[in-house]
Amino acid sequence: MTLWFEIIILVFALSGTESLDNGLALTPPMGWMQWERFRCNINCTDDPDNCISERLFKTMADIMVSDGYRDAGYKYVAIDDCWMTSERGPDGKLQPDPVRFPNGMKHLADYIHSKGLKLGIYGDMGTMTCKKYPGSKFYLELDAQTFASWEVDMLKLDCCYAGSLVDVQTGFPAMSQYLNNTGRPILYACCWAACEGLYYKHKPDYKAIAKHCNMWRNYNDLQDAWKYVYAAIDFYGNNTAHFQEVVGPGAWNDPDELIVGDFGLSYDQERVQLGMWCMMASPLFMSVDLRNIRQTSKDLLLNKNLLRIHSDELLVQAYRISKDNLFEVWLRPLRSQYFSDGSFAVAVLRHDDYGMPFPFITTLQGLGMKNKAGYKVTEAFDGKNMGKFLPQDQLRFPVNPTGIFLVTLTPIS
Ligand SMILES: *[C@@H]1O[C@H](CO)[C@@H](O)[C@H](O)[C@H]1NC(C)=O
Ligand SMILES: *[C@@H]1O[C@H](CO)[C@@H](O)[C@H](O)[C@H]1NC(C)=O
Ligand SMILES: *[C@@H]1O[C@H](CO)[C@@H](O)[C@H](O)[C@H]1NC(C)=O
(Lines give C-alpha, C1' and ligand atoms only; values in the text may rest on other atoms or scores of the structure.)
(Ligands and ions follow the chains in the order given, each with its own letter.)
Protein backbone atom coordinates (compact mmCIF):
# COMPACT_ATOMS: atom_id res chain seq x y z
CA MET A 1 0.00 0.00 0.00
CA THR A 2 2.89 2.33 0.64
CA LEU A 3 3.69 2.22 -3.05
CA TRP A 4 0.19 3.38 -3.85
CA PHE A 5 0.62 6.26 -1.52
CA GLU A 6 3.75 7.45 -3.34
CA ILE A 7 1.97 7.14 -6.69
CA ILE A 8 -0.92 9.28 -5.50
CA ILE A 9 1.41 12.05 -4.43
CA LEU A 10 3.35 11.80 -7.69
CA VAL A 11 0.30 11.85 -9.95
CA PHE A 12 -1.01 14.82 -8.04
CA ALA A 13 2.25 16.70 -8.54
CA LEU A 14 2.20 15.94 -12.28
CA SER A 15 -1.46 16.72 -12.90
CA GLY A 16 -2.56 20.02 -14.35
CA THR A 17 -4.12 19.06 -17.65
CA GLU A 18 -5.45 21.93 -19.70
CA SER A 19 -9.15 22.27 -18.91
CA LEU A 20 -12.01 24.13 -20.55
CA ASP A 21 -11.37 27.81 -19.87
CA ASN A 22 -14.83 29.28 -19.28
CA GLY A 23 -14.36 30.18 -15.63
CA LEU A 24 -16.96 27.61 -14.52
CA ALA A 25 -17.00 24.46 -12.40
CA LEU A 26 -13.85 25.41 -10.51
CA THR A 27 -15.05 22.95 -7.88
CA PRO A 28 -17.18 19.94 -8.87
CA PRO A 29 -20.61 21.39 -9.74
CA MET A 30 -23.74 20.68 -7.71
CA GLY A 31 -27.43 20.87 -8.46
CA TRP A 32 -30.59 18.99 -9.23
CA MET A 33 -31.24 17.10 -12.47
CA GLN A 34 -34.49 15.76 -13.86
CA TRP A 35 -33.49 12.54 -15.54
CA GLU A 36 -33.04 9.69 -13.08
CA ARG A 37 -36.20 10.42 -11.08
CA PHE A 38 -38.60 12.14 -13.51
CA ARG A 39 -37.49 10.65 -16.85
CA CYS A 40 -39.57 11.46 -19.93
CA ASN A 41 -42.89 11.90 -18.21
CA ILE A 42 -44.66 14.29 -20.59
CA ASN A 43 -48.30 13.70 -19.75
CA CYS A 44 -49.37 16.73 -17.77
CA THR A 45 -53.04 15.81 -18.07
CA ASP A 46 -52.54 12.53 -16.25
CA ASP A 47 -49.72 13.53 -13.98
CA PRO A 48 -49.57 17.32 -13.60
CA ASP A 49 -47.35 17.26 -10.51
CA ASN A 50 -44.58 15.12 -12.01
CA CYS A 51 -44.56 15.81 -15.74
CA ILE A 52 -41.57 17.57 -17.34
CA SER A 53 -42.82 21.14 -17.23
CA GLU A 54 -42.05 24.66 -16.18
CA ARG A 55 -44.00 23.96 -13.03
CA LEU A 56 -41.78 21.02 -11.99
CA PHE A 57 -38.56 23.02 -12.34
CA LYS A 58 -39.99 26.06 -10.56
CA THR A 59 -41.18 23.85 -7.72
CA MET A 60 -37.78 22.19 -7.32
CA ALA A 61 -36.06 25.59 -7.47
CA ASP A 62 -38.33 26.93 -4.72
CA ILE A 63 -37.48 23.99 -2.47
CA MET A 64 -33.76 24.24 -3.21
CA VAL A 65 -33.95 27.72 -1.72
CA SER A 66 -36.40 27.14 1.14
CA ASP A 67 -34.83 23.90 2.35
CA GLY A 68 -31.21 25.02 2.25
CA TYR A 69 -29.91 23.07 -0.75
CA ARG A 70 -28.89 26.21 -2.64
CA ASP A 71 -27.01 27.56 0.34
CA ALA A 72 -25.25 24.21 0.77
CA GLY A 73 -23.91 24.58 -2.80
CA TYR A 74 -26.54 22.93 -5.05
CA LYS A 75 -26.82 25.71 -7.65
CA TYR A 76 -27.96 24.20 -10.96
CA VAL A 77 -31.54 23.20 -11.82
CA ALA A 78 -31.01 21.00 -14.84
CA ILE A 79 -33.60 20.08 -17.44
CA ASP A 80 -32.94 16.79 -19.24
CA ASP A 81 -34.52 15.17 -22.31
CA CYS A 82 -38.16 15.66 -23.38
CA TRP A 83 -38.54 19.43 -23.00
CA MET A 84 -38.82 20.12 -26.75
CA THR A 85 -41.52 19.96 -29.35
CA SER A 86 -41.14 17.02 -31.72
CA GLU A 87 -40.08 19.32 -34.60
CA ARG A 88 -37.91 22.41 -34.81
CA GLY A 89 -39.72 25.71 -35.33
CA PRO A 90 -40.13 27.37 -38.76
CA ASP A 91 -36.91 29.33 -38.09
CA GLY A 92 -35.03 26.07 -37.47
CA LYS A 93 -34.72 26.71 -33.75
CA LEU A 94 -35.42 24.26 -30.97
CA GLN A 95 -38.57 25.16 -29.10
CA PRO A 96 -39.92 24.08 -25.73
CA ASP A 97 -43.25 22.25 -25.69
CA PRO A 98 -45.79 25.10 -25.55
CA VAL A 99 -48.20 23.28 -23.24
CA ARG A 100 -45.63 22.23 -20.66
CA PHE A 101 -43.45 25.36 -20.92
CA PRO A 102 -46.18 27.93 -21.67
CA ASN A 103 -43.95 30.95 -21.00
CA GLY A 104 -40.87 29.77 -22.85
CA MET A 105 -37.35 29.09 -21.65
CA LYS A 106 -36.19 32.66 -21.15
CA HIS A 107 -39.00 33.09 -18.64
CA LEU A 108 -37.93 29.95 -16.78
CA ALA A 109 -34.29 31.08 -16.79
CA ASP A 110 -35.34 34.46 -15.35
CA TYR A 111 -37.29 32.72 -12.61
CA ILE A 112 -34.41 30.39 -11.76
CA HIS A 113 -31.98 33.32 -11.71
CA SER A 114 -34.28 35.33 -9.44
CA LYS A 115 -33.85 32.51 -6.90
CA GLY A 116 -30.06 32.74 -7.05
CA LEU A 117 -29.88 29.49 -9.02
CA LYS A 118 -28.70 28.52 -12.51
CA LEU A 119 -30.59 26.79 -15.30
CA GLY A 120 -29.32 23.73 -17.15
CA ILE A 121 -30.72 22.44 -20.44
CA TYR A 122 -30.28 19.30 -22.53
CA GLY A 123 -29.44 18.54 -26.14
CA ASP A 124 -27.96 15.76 -28.24
CA MET A 125 -25.16 16.06 -30.79
CA GLY A 126 -26.74 13.35 -32.98
CA THR A 127 -29.76 13.49 -35.29
CA MET A 128 -32.17 12.82 -32.41
CA THR A 129 -32.09 12.94 -28.62
CA CYS A 130 -32.28 9.60 -26.80
CA LYS A 131 -36.06 10.00 -26.59
CA LYS A 132 -36.25 10.99 -30.27
CA TYR A 133 -36.69 14.73 -30.01
CA PRO A 134 -34.75 16.90 -32.49
CA GLY A 135 -30.98 16.46 -32.28
CA SER A 136 -28.39 19.18 -32.80
CA LYS A 137 -26.52 17.56 -35.68
CA PHE A 138 -26.17 20.24 -38.41
CA TYR A 139 -27.61 22.79 -35.95
CA LEU A 140 -24.90 22.97 -33.28
CA GLU A 141 -24.14 26.65 -33.79
CA LEU A 142 -27.78 27.73 -33.97
CA ASP A 143 -28.61 25.70 -30.86
CA ALA A 144 -25.70 27.19 -28.90
CA GLN A 145 -26.97 30.64 -29.85
CA THR A 146 -30.53 29.73 -28.92
CA PHE A 147 -29.48 28.45 -25.48
CA ALA A 148 -27.41 31.57 -24.89
CA SER A 149 -30.33 33.79 -25.96
CA TRP A 150 -32.47 32.10 -23.31
CA GLU A 151 -29.70 32.81 -20.77
CA VAL A 152 -29.17 29.17 -19.98
CA ASP A 153 -26.18 28.42 -17.71
CA MET A 154 -25.44 24.77 -18.43
CA LEU A 155 -25.78 22.36 -21.32
CA LYS A 156 -25.82 18.59 -20.99
CA LEU A 157 -25.04 17.26 -24.47
CA ASP A 158 -25.90 13.65 -25.13
CA CYS A 159 -24.84 11.47 -28.06
CA CYS A 160 -27.67 9.12 -28.93
CA TYR A 161 -27.96 8.75 -32.74
CA ALA A 162 -24.51 10.34 -33.12
CA GLY A 163 -23.84 8.56 -36.40
CA SER A 164 -20.23 7.52 -35.97
CA LEU A 165 -17.22 7.64 -33.71
CA VAL A 166 -15.77 10.49 -35.77
CA ASP A 167 -19.00 12.44 -35.34
CA VAL A 168 -18.68 12.02 -31.57
CA GLN A 169 -15.04 13.10 -31.61
CA THR A 170 -15.77 16.20 -33.70
CA GLY A 171 -19.27 17.09 -32.51
CA PHE A 172 -18.42 17.63 -28.84
CA PRO A 173 -15.46 19.99 -29.43
CA ALA A 174 -17.45 21.86 -32.10
CA MET A 175 -20.25 22.54 -29.61
CA SER A 176 -17.66 23.65 -27.05
CA GLN A 177 -16.40 26.27 -29.51
CA TYR A 178 -19.91 27.40 -30.45
CA LEU A 179 -20.81 27.81 -26.79
CA ASN A 180 -17.65 29.84 -26.30
CA ASN A 181 -18.51 31.99 -29.33
CA THR A 182 -21.81 33.01 -27.77
CA GLY A 183 -19.84 34.92 -25.11
CA ARG A 184 -22.04 33.46 -22.38
CA PRO A 185 -20.25 31.18 -19.91
CA ILE A 186 -22.22 27.92 -20.14
CA LEU A 187 -21.18 24.90 -18.10
CA TYR A 188 -20.67 22.13 -20.62
CA ALA A 189 -21.53 18.59 -19.49
CA CYS A 190 -20.64 16.01 -22.12
CA CYS A 191 -21.58 12.38 -22.56
CA TRP A 192 -18.54 12.11 -24.82
CA ALA A 193 -16.41 9.56 -22.98
CA ALA A 194 -19.37 7.31 -22.18
CA CYS A 195 -20.45 7.24 -25.83
CA GLU A 196 -16.98 6.60 -27.11
CA GLY A 197 -16.30 3.84 -24.61
CA LEU A 198 -19.71 2.19 -24.40
CA TYR A 199 -21.18 2.63 -27.91
CA TYR A 200 -18.03 2.57 -30.03
CA LYS A 201 -15.72 0.53 -27.77
CA HIS A 202 -13.02 3.12 -28.31
CA LYS A 203 -10.64 4.33 -25.62
CA PRO A 204 -11.53 7.96 -24.90
CA ASP A 205 -8.79 10.59 -25.01
CA TYR A 206 -9.46 12.16 -21.62
CA LYS A 207 -7.00 15.00 -22.13
CA ALA A 208 -8.93 16.14 -25.22
CA ILE A 209 -12.23 15.73 -23.41
CA ALA A 210 -11.06 17.78 -20.42
CA LYS A 211 -9.97 20.56 -22.78
CA HIS A 212 -13.48 20.89 -24.20
CA CYS A 213 -15.89 19.88 -21.44
CA ASN A 214 -16.38 20.87 -17.79
CA MET A 215 -17.67 17.42 -16.85
CA TRP A 216 -18.15 14.22 -18.76
CA ARG A 217 -19.97 10.97 -18.24
CA ASN A 218 -17.68 7.93 -18.54
CA TYR A 219 -19.97 5.03 -17.79
CA ASN A 220 -23.54 3.66 -17.85
CA ASP A 221 -26.60 5.61 -16.72
CA LEU A 222 -27.36 5.01 -13.08
CA GLN A 223 -30.65 3.24 -12.41
CA ASP A 224 -32.36 3.18 -9.04
CA ALA A 225 -30.53 0.26 -7.44
CA TRP A 226 -27.36 -0.52 -5.51
CA LYS A 227 -25.76 -2.61 -8.25
CA TYR A 228 -25.52 0.46 -10.50
CA VAL A 229 -24.04 2.61 -7.75
CA TYR A 230 -21.44 0.02 -6.93
CA ALA A 231 -20.65 -0.62 -10.64
CA ALA A 232 -19.88 3.08 -11.09
CA ILE A 233 -17.61 3.06 -8.05
CA ASP A 234 -15.89 -0.10 -9.25
CA PHE A 235 -15.43 1.42 -12.71
CA TYR A 236 -13.43 4.32 -11.23
CA GLY A 237 -11.72 1.98 -8.80
CA ASN A 238 -10.41 -0.12 -11.68
CA ASN A 239 -8.95 3.12 -13.00
CA THR A 240 -8.46 1.83 -16.51
CA ALA A 241 -7.91 5.37 -17.84
CA HIS A 242 -6.04 7.06 -14.97
CA PHE A 243 -9.13 9.16 -14.35
CA GLN A 244 -7.45 11.26 -11.68
CA GLU A 245 -4.88 12.75 -14.04
CA VAL A 246 -7.34 14.96 -15.89
CA VAL A 247 -9.39 16.14 -12.91
CA GLY A 248 -9.01 19.70 -11.66
CA PRO A 249 -10.74 23.09 -11.72
CA GLY A 250 -13.11 23.12 -14.69
CA ALA A 251 -12.77 19.40 -15.48
CA TRP A 252 -14.56 16.53 -13.71
CA ASN A 253 -15.39 12.88 -14.23
CA ASP A 254 -19.15 12.42 -13.87
CA PRO A 255 -20.46 9.12 -12.45
CA ASP A 256 -24.07 10.35 -13.00
CA GLU A 257 -26.82 11.65 -10.75
CA LEU A 258 -27.33 10.99 -7.05
CA ILE A 259 -30.22 8.63 -6.32
CA VAL A 260 -30.10 9.42 -2.60
CA GLY A 261 -33.71 9.79 -1.41
CA ASP A 262 -35.25 7.69 -4.20
CA PHE A 263 -36.59 4.12 -3.98
CA GLY A 264 -33.71 1.71 -4.47
CA LEU A 265 -31.04 2.27 -1.82
CA SER A 266 -30.86 1.38 1.86
CA TYR A 267 -29.70 4.11 4.23
CA ASP A 268 -26.21 2.61 4.31
CA GLN A 269 -26.11 2.45 0.53
CA GLU A 270 -27.16 6.10 0.34
CA ARG A 271 -24.24 6.90 2.61
CA VAL A 272 -21.97 5.00 0.24
CA GLN A 273 -23.18 6.93 -2.79
CA LEU A 274 -22.88 10.35 -1.22
CA GLY A 275 -19.65 9.51 0.59
CA MET A 276 -17.97 8.11 -2.51
CA TRP A 277 -19.21 10.88 -4.84
CA CYS A 278 -17.60 13.31 -2.37
CA MET A 279 -14.41 11.24 -2.20
CA MET A 280 -14.22 11.17 -6.01
CA ALA A 281 -14.80 14.94 -6.38
CA SER A 282 -17.75 14.05 -8.58
CA PRO A 283 -20.43 16.48 -9.68
CA LEU A 284 -23.35 16.18 -7.24
CA PHE A 285 -26.64 16.33 -9.11
CA MET A 286 -29.54 15.17 -6.98
CA SER A 287 -32.34 13.45 -8.89
CA VAL A 288 -35.00 13.09 -6.29
CA ASP A 289 -38.44 14.48 -5.51
CA LEU A 290 -37.47 17.21 -3.07
CA ARG A 291 -41.15 17.67 -2.11
CA ASN A 292 -41.24 14.45 -0.13
CA ILE A 293 -37.66 13.35 0.45
CA ARG A 294 -36.95 11.36 3.64
CA GLN A 295 -35.36 13.45 6.38
CA THR A 296 -32.40 11.07 6.67
CA SER A 297 -31.67 11.42 2.94
CA LYS A 298 -32.01 15.19 3.13
CA ASP A 299 -29.61 15.33 6.07
CA LEU A 300 -27.07 13.34 4.05
CA LEU A 301 -27.31 15.65 1.03
CA LEU A 302 -26.81 18.67 3.28
CA ASN A 303 -24.04 17.14 5.42
CA LYS A 304 -21.43 19.90 5.77
CA ASN A 305 -18.58 17.59 6.74
CA LEU A 306 -19.03 15.56 3.57
CA LEU A 307 -19.37 18.63 1.36
CA ARG A 308 -16.10 19.95 2.78
CA ILE A 309 -14.37 16.81 1.55
CA HIS A 310 -16.20 17.12 -1.79
CA SER A 311 -14.92 20.58 -2.63
CA ASP A 312 -11.60 20.35 -0.78
CA GLU A 313 -9.08 22.75 -2.29
CA LEU A 314 -6.63 20.08 -3.45
CA LEU A 315 -9.42 18.85 -5.76
CA VAL A 316 -8.02 15.36 -6.13
CA GLN A 317 -10.24 12.44 -7.10
CA ALA A 318 -9.86 9.60 -4.58
CA TYR A 319 -7.92 6.46 -5.48
CA ARG A 320 -8.79 2.90 -4.58
CA ILE A 321 -5.73 1.47 -2.90
CA SER A 322 -6.99 -2.02 -2.14
CA LYS A 323 -9.87 -4.36 -2.80
CA ASP A 324 -10.59 -7.88 -1.58
CA ASN A 325 -13.74 -9.98 -1.20
CA LEU A 326 -14.88 -8.12 1.88
CA PHE A 327 -13.54 -4.57 1.81
CA GLU A 328 -12.08 -1.92 -0.40
CA VAL A 329 -10.15 1.16 0.70
CA TRP A 330 -10.09 4.58 -0.97
CA LEU A 331 -7.79 7.49 -0.20
CA ARG A 332 -8.08 11.19 -0.99
CA PRO A 333 -5.43 13.76 0.00
CA LEU A 334 -6.94 16.94 1.48
CA ARG A 335 -5.87 20.48 2.20
CA SER A 336 -8.08 23.46 3.02
CA GLN A 337 -9.06 25.72 5.90
CA TYR A 338 -10.66 22.60 7.42
CA PHE A 339 -7.90 20.11 6.74
CA SER A 340 -4.24 20.99 7.35
CA ASP A 341 -1.58 20.01 4.83
CA GLY A 342 -0.92 16.27 4.90
CA SER A 343 -4.55 15.37 5.71
CA PHE A 344 -6.42 12.50 4.12
CA ALA A 345 -9.91 11.13 3.81
CA VAL A 346 -10.09 7.35 3.98
CA ALA A 347 -13.18 5.40 2.94
CA VAL A 348 -13.67 1.72 3.63
CA LEU A 349 -16.49 0.07 1.66
CA ARG A 350 -17.87 -3.33 2.46
CA HIS A 351 -19.15 -5.60 -0.31
CA ASP A 352 -20.96 -8.44 1.44
CA ASP A 353 -24.42 -8.51 2.98
CA TYR A 354 -23.75 -10.62 6.07
CA GLY A 355 -26.10 -8.98 8.54
CA MET A 356 -23.86 -7.38 11.16
CA PRO A 357 -21.21 -4.67 11.31
CA PHE A 358 -17.79 -6.11 10.62
CA PRO A 359 -14.53 -4.42 11.64
CA PHE A 360 -11.91 -3.36 9.13
CA ILE A 361 -8.64 -3.47 11.05
CA THR A 362 -5.61 -1.49 9.94
CA THR A 363 -2.78 0.79 11.02
CA LEU A 364 -2.21 4.24 9.55
CA GLN A 365 1.23 3.07 8.56
CA GLY A 366 -0.49 0.27 6.64
CA LEU A 367 -2.36 2.96 4.68
CA GLY A 368 0.93 4.71 3.93
CA MET A 369 0.67 7.45 6.58
CA LYS A 370 3.93 8.11 8.37
CA ASN A 371 3.64 11.31 10.40
CA LYS A 372 5.59 10.38 13.56
CA ALA A 373 3.47 12.49 15.91
CA GLY A 374 0.37 10.74 14.61
CA TYR A 375 -3.01 11.83 13.31
CA LYS A 376 -6.30 13.04 14.67
CA VAL A 377 -9.00 10.71 13.35
CA THR A 378 -12.53 12.04 12.78
CA GLU A 379 -15.56 10.09 11.61
CA ALA A 380 -16.72 12.08 8.59
CA PHE A 381 -20.52 11.71 8.60
CA ASP A 382 -21.16 12.97 12.13
CA GLY A 383 -17.84 14.71 12.81
CA LYS A 384 -17.14 12.54 15.87
CA ASN A 385 -13.55 12.71 17.15
CA MET A 386 -12.22 9.15 17.38
CA GLY A 387 -8.99 10.21 19.04
CA LYS A 388 -5.29 10.38 18.22
CA PHE A 389 -3.40 7.55 16.59
CA LEU A 390 0.29 6.94 15.94
CA PRO A 391 1.25 5.34 12.60
CA GLN A 392 1.70 1.91 14.22
CA ASP A 393 -1.50 1.98 16.35
CA GLN A 394 -4.29 -0.36 15.42
CA LEU A 395 -7.57 1.14 14.16
CA ARG A 396 -10.88 -0.71 14.00
CA PHE A 397 -13.50 0.68 11.65
CA PRO A 398 -16.90 -1.04 12.00
CA VAL A 399 -18.48 -1.25 8.54
CA ASN A 400 -22.14 -2.18 7.94
CA PRO A 401 -23.21 -4.59 5.16
CA THR A 402 -22.87 -2.80 1.77
CA GLY A 403 -21.89 0.21 3.86
CA ILE A 404 -19.11 2.72 4.25
CA PHE A 405 -16.87 3.92 7.06
CA LEU A 406 -15.39 7.29 6.20
CA VAL A 407 -12.81 9.15 8.28
CA THR A 408 -10.60 12.18 7.89
CA LEU A 409 -7.04 12.14 9.25
CA THR A 410 -5.22 15.33 10.10
CA PRO A 411 -1.54 15.17 11.03
CA ILE A 412 -0.51 16.28 14.52
CA SER A 413 2.50 18.61 14.48
C1 LIG B 1 -13.74 31.44 -24.59
O2 LIG B 1 -12.43 30.90 -24.65
C3 LIG B 1 -11.41 31.84 -24.26
C4 LIG B 1 -10.07 31.18 -24.54
O5 LIG B 1 -9.96 29.92 -23.97
C6 LIG B 1 -11.62 32.20 -22.82
O7 LIG B 1 -10.63 33.12 -22.40
C8 LIG B 1 -13.00 32.81 -22.65
O9 LIG B 1 -13.25 33.11 -21.29
C10 LIG B 1 -14.06 31.86 -23.17
N11 LIG B 1 -15.36 32.50 -23.11
C12 LIG B 1 -16.47 31.88 -22.71
C13 LIG B 1 -17.70 32.70 -22.73
O14 LIG B 1 -16.52 30.71 -22.39
C1 LIG C 1 -52.26 11.61 -21.39
O2 LIG C 1 -52.93 10.48 -20.90
C3 LIG C 1 -54.32 10.48 -21.23
C4 LIG C 1 -55.00 9.34 -20.49
O5 LIG C 1 -54.15 8.25 -20.29
C6 LIG C 1 -54.49 10.41 -22.74
O7 LIG C 1 -55.86 10.42 -23.08
C8 LIG C 1 -53.78 11.61 -23.36
O9 LIG C 1 -53.83 11.50 -24.78
C10 LIG C 1 -52.33 11.67 -22.89
N11 LIG C 1 -51.75 12.92 -23.37
C12 LIG C 1 -50.53 12.99 -23.92
C13 LIG C 1 -50.04 14.37 -24.28
O14 LIG C 1 -49.84 12.02 -24.14
C1 LIG D 1 -13.36 -3.97 -12.43
O2 LIG D 1 -12.38 -4.98 -12.61
C3 LIG D 1 -12.81 -6.27 -12.19
C4 LIG D 1 -11.62 -7.20 -12.23
O5 LIG D 1 -10.99 -7.11 -13.47
C6 LIG D 1 -13.95 -6.72 -13.09
O7 LIG D 1 -14.42 -7.99 -12.70
C8 LIG D 1 -15.09 -5.70 -12.98
O9 LIG D 1 -16.12 -6.04 -13.87
C10 LIG D 1 -14.58 -4.30 -13.27
N11 LIG D 1 -15.67 -3.38 -13.00
C12 LIG D 1 -16.17 -2.53 -13.89
C13 LIG D 1 -17.33 -1.73 -13.46
O14 LIG D 1 -15.71 -2.37 -15.00
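Biologist: How far apart are the sulfur atoms of Cys-44 and Cys-51?

Modeller: This is a predicted model, where local features need pLDDT of at least 70, side-chain atom pairs count only at pLDDT 80 or more, and totals for chains, interfaces and linings use all residues. Residues are numbered from 1 along each chain as its sequence is written, chains are lettered from A and ligands numbered from 1 in the order in which they are written, and side-chain values use heavy atoms, without hydrogens and water. Cys-44 and Cys-51 form a disulfide (a pair of cysteine sulfur atoms within 2.5 Å). Their sulfur atoms lie apart by 2.0 Å.

Biologist: Is the disulfide of Cys-44 and Cys-51 right-handed or left-handed?

Modeller: A disulfide is a covalent bond between the sulfur atoms of two cysteines. For Cys-44 and Cys-51, the torsion about the S-S bond is about 105°, so the disulfide is right-handed.

Biologist: How many residues apart are Cys-130 and Cys-160?

Modeller: Cys-130 and Cys-160 are joined by a disulfide, S to S 2.0 Å. The pair links distant parts of the chain. Cys-130 is in the loop between strand 3 (118-124) and helix 6 (140-149), and Cys-160 is in the loop between strand 4 (154-158) and helix 7 (165-181). Here helices (H or I, at least four residues) and strands (E, at least two) are DSSP runs, numbered from the N terminus. The separation is 30 residues.

Biologist: What is the handedness of the link of Cys-190 and Cys-213?

Modeller: A disulfide joins Cys-190 to Cys-213, S to S 2.1 Å. Both cysteines are buried. With -90° about the S-S bond, the link is left-handed.

Biologist: What pattern do the disulfides of the protein follow?

Modeller: The count comes to five disulfides. Bonded cysteines are counted along the chain. The pattern is 1-4, 2-3, 5-7, 6-9, 8-10.

Biologist: Which cysteine has the sulfur nearest to that of Cys-191?

Modeller: Cys-191 is in no disulfide. Cys-191 is buried, because its relative accessibility is 6%. At 5.3 Å, the nearest cysteine sulfur is that of Cys-159.

Biologist: Now the strand. Which residue is the bridge partner of Lys-323 in strand 10?

Modeller: Strand 9 (residues 319-323) and strand 10 pair in the antiparallel sense over four bridges. Two strands pair if DSSP finds at least two bridges between them. A hairpin of three residues joins strand 9 to strand 10. In strand 10, the partner of Lys-323 is Glu-328.

Biologist: Which side chain makes a polar contact of 2.5 Å with that of Glu-328?

Modeller: Glu-328 is in strand 10 (residues 327-334). With a relative accessible area of 0%, Glu-328 is buried. A polar contact is a pair of N or O atoms within 3.5 Å; within protein, one must be able to donate a hydrogen and the other to accept it, and residues adjacent in sequence count only if both atoms are side-chain atoms. The side chains of Glu-328 and Arg-320 make one of 3.3 Å, while the 2.5 Å contact is with His-351.

Methods:
Buried means under 20% relative accessible area, exposed over 50%, partly exposed in between (1.4 Å probe, protein chains only).
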